[in-house]
Amino acid sequence: MNTLRKLQYEFMDYLRDDSTAAIIERIEPSLQCAAEQRMVFYSNAYTMRLKEALSTDYERLHSYLGDELFNNLMHNYIDNYPSHHPSLRYFGQHMIELVEQLEPFKSLTEVGEITRIEQAFANSFDSADCPGVTLNQLAQLDTEAWANLTLRLHDSVQLLVQKYNSFQIWQALANEETPPQKTKCSSTWIVWRKDMISHYRALESAELTALSVAMSTGSFAEVCEALLEHFSEQETPLKAVGYLQQWINEQMVIALN
Amino acid sequence: MTRPFLGFGLGLRTEHYPYILENKPDVDWFEILSENYMVPGGKPLDYLDKIRNDYPMVMHGVSLSIGSTDPLNTSYLKDLKQLMQRVQPEWISDHLCWTSVNGTNSHDLLPLPYNEDTITHLVNRIHKVQDYLGQRILLENLSSYVTYKNSDMTEWEFFNEIARRADCHILLDINNIFVSAHNHQFNPVDYLNGIDINRVMQFHLAGHSYHGEMIIDTHDHDVCDPVWSLYATALKRFGAVSTMIERDDDIPEFPQLRKELAIAEDIARKTLPANALQINTSSHCNYTDLSYEHTA
């Protein structure tokens, strides 16, 4: 390993654990400030910058956990998930992995759910731009095209399955209100982006079925088939078209093939 | 040489998007932080496109890690080039530093030892980057808090030699010179006098904070008087150089920041003849010095 590479390894080791002192030997001391004191500026800045990124990405989680627990979570994250992306935007993307394996967070199901909500909003915020299909385009489809129709949904469309009232907790925190007590409450929510703004709403079971199929295979025929669990053969086509129109109005659909 | 002169600009910050779009303030140009827009889509790029319609821009990065001993990050360079194609900036810049090693990013601008081995290493990498981007880049001097025992030249000797051999430009951060001069006990005017006039394409100005005996480059205060004074000295040496103020923390309302930029304009007007301060962008003057062909 050449001298510069060795220096950089030692510097990075110090940033990640300031008890490693090899780099100190390479620093020129001065009358003003000892080498150790100079290096502290870098280790402090390293931790501070990463904590700031996590606090921004997980603002509601921070509010829910309080300073002490969130600080504990951040330190664990910084120690275990060093940044491998040039942009801080992606530094916190593995937070759910840590939350789901580290106590006490692991035992608090709603903490994982709130983490996923925050990640979903971050993902929808800057997911790829793609113009939505219009109802006019839908109306212009040939009758025979419906049999093999496939739809493609926007990258921002994400489903969030919840066992607790985590979305209500998140909403209260977002509005700077006291969150409700956590209670078991199965629900599924959808997060997506429309007109550059992230939106969310709860899904009823039939729409969840339809949307899950649309997201996995995109086949409209399979959406209809899956909806037979919820509706009669007569009702199903109208219901399926109704959902499709709603998704188009909400700018979730980016292609009809 | 005819250096393009964009006038006086500000760093584009999210806090100011609505104000800029609504008021179209009188600012000559904006500098964007490249990494903030290296995302697939959404609001950041939407705002960027709208503001770009009204203002010239330059791109300023923090993650090129030109001094790292890791291989150049080709995925990063690809995203950077894609953003360049979208923004069509007057130029792009990053820092004379390293930010990552062994695949781990520090998200900080870390200093390099100033010696011949580092120069050789950097020159080779700058050529590769410029070859890939098809144009010269600007590199900026850091604020630093340490120097290394294996440095054997001054920062300005190191910087000049790299710029000469790599055929790149210099973004001179006046505040960073002031900060490093204080932290490492050198005369900031020696730094200015040691830099090749023909390589300097842009100035940065910013505020800083005192932490005991050291000054930290925090970008959370107004530009202080000694830095304004150093700026005037720099103008005398380098002539009209596109100048902008960076503010990254405790960000004031846009009109307040605009007033601070007016101080820079005022100093330039008092220091340089009026005809030197005419806006002169690459598109206006067919300036081709940013085009780059590496034949080595």
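The expected span of a helix is 1.5 Å times one less than its number of residues. All views show a predicted model.

**View 1. Helix α8 of chain B, end to end.** Helix α8 of chain B covers residues 225-238. Its 14 residues, at 1.5 Å a residue, should span 20 Å. The end C-alpha atoms are 20 Å apart, so the model agrees with that expectation. B:Gly239 follows α8(B), and its phi is positive, near 80°.

View 2. Which residues of α8(B) are buried? They are B:Val227, B:Leu230, B:Tyr231, B:Ala234, B:Leu235 and B:Phe238. An α-helix has 3.6 residues a turn, so residues three or four places apart point the same way. B:Asp225 and B:Lys236 are on the other side of α8(B), and they are exposed. Several elements of chain B cover the buried residues, including β8 (169-173), α6 (174-184) and α7 (188-194). Also among them are β9 (200-205) and α9 (254-271).

**View 3. Strand β4 of chain B and its neighbours.** Strand β4 (residues 92-95) of chain B is covered on both faces. B:Ile92 and B:Asp94 are buried on one side, B:Ser93 and B:His95 on the other. Strand β3 (residues 57-60) of chain B pairs with β4(B) in the parallel sense, over two bridges. B:Met59 stands opposite B:Ile92. Together with helix α3 (residues 74-87) of chain B, β3(B) and β4(B) form a right-handed β-α-β unit. Strand β7 (residues 138-140) of chain B also runs parallel to β4(B), joined by three bridges. There, B:Leu139 is the bridge partner of B:Asp94.

View 4. B:Leu138 lies in strand β7 of chain B. Is B:Leu138 buried or exposed? A residue counts as buried if 20 or more other C-beta atoms lie within 10 Å of its own. B:Leu138 has 24, so B:Leu138 is buried. Leaving out residues up to four places away in sequence, B:Leu138 touches B:Trp91, B:Ser93, B:Cys168, B:His169, B:Ile170, B:Leu171, B:Met201 and B:Gln202.

**View 5. The side of chain B that touches chain A.** In this view, 39 residues of chain B are in contact with 38 residues of chain A. On chain B, α2 (43-52), β5 (98-101), β6 (104-110), α4 (116-133) and β11 (214-216) each supply at least two residues of this side. The largest share, six residues, comes from β6(B). By type, the residues of this side are 15 nonpolar, 17 polar and seven charged.

Conventions: Residues are numbered from 1 along each chain as its sequence is written. Chains are lettered from A and ligands numbered from 1 in the order in which they are written. This is a predicted model: local features need pLDDT of at least 70, side-chain atom pairs count only at pLDDT 80 or more; totals for chains, interfaces and linings use all residues. Two residues are in contact if their C-beta atoms, placed from the backbone, lie within 7 Å. Helices (H or I, at least four residues) and strands (E, at least two) are DSSP runs, numbered from the N terminus. Ala, Val, Leu, Ile, Met, Phe, Trp, Tyr, Cys and Pro count as nonpolar, Asp, Glu, Lys and Arg as charged, and the others, Gly among them, as polar. A residue is buried if 20 or more other C-beta atoms lie within 10 Å of its own, exposed if 12 or fewer, and partly exposed in between; C-beta atoms are placed from the backbone. Two strands pair if DSSP finds at least two bridges between them. A crossover is right-handed if, with the strands pointing away from the viewer, the path from the first strand over the helix to the second runs clockwise.
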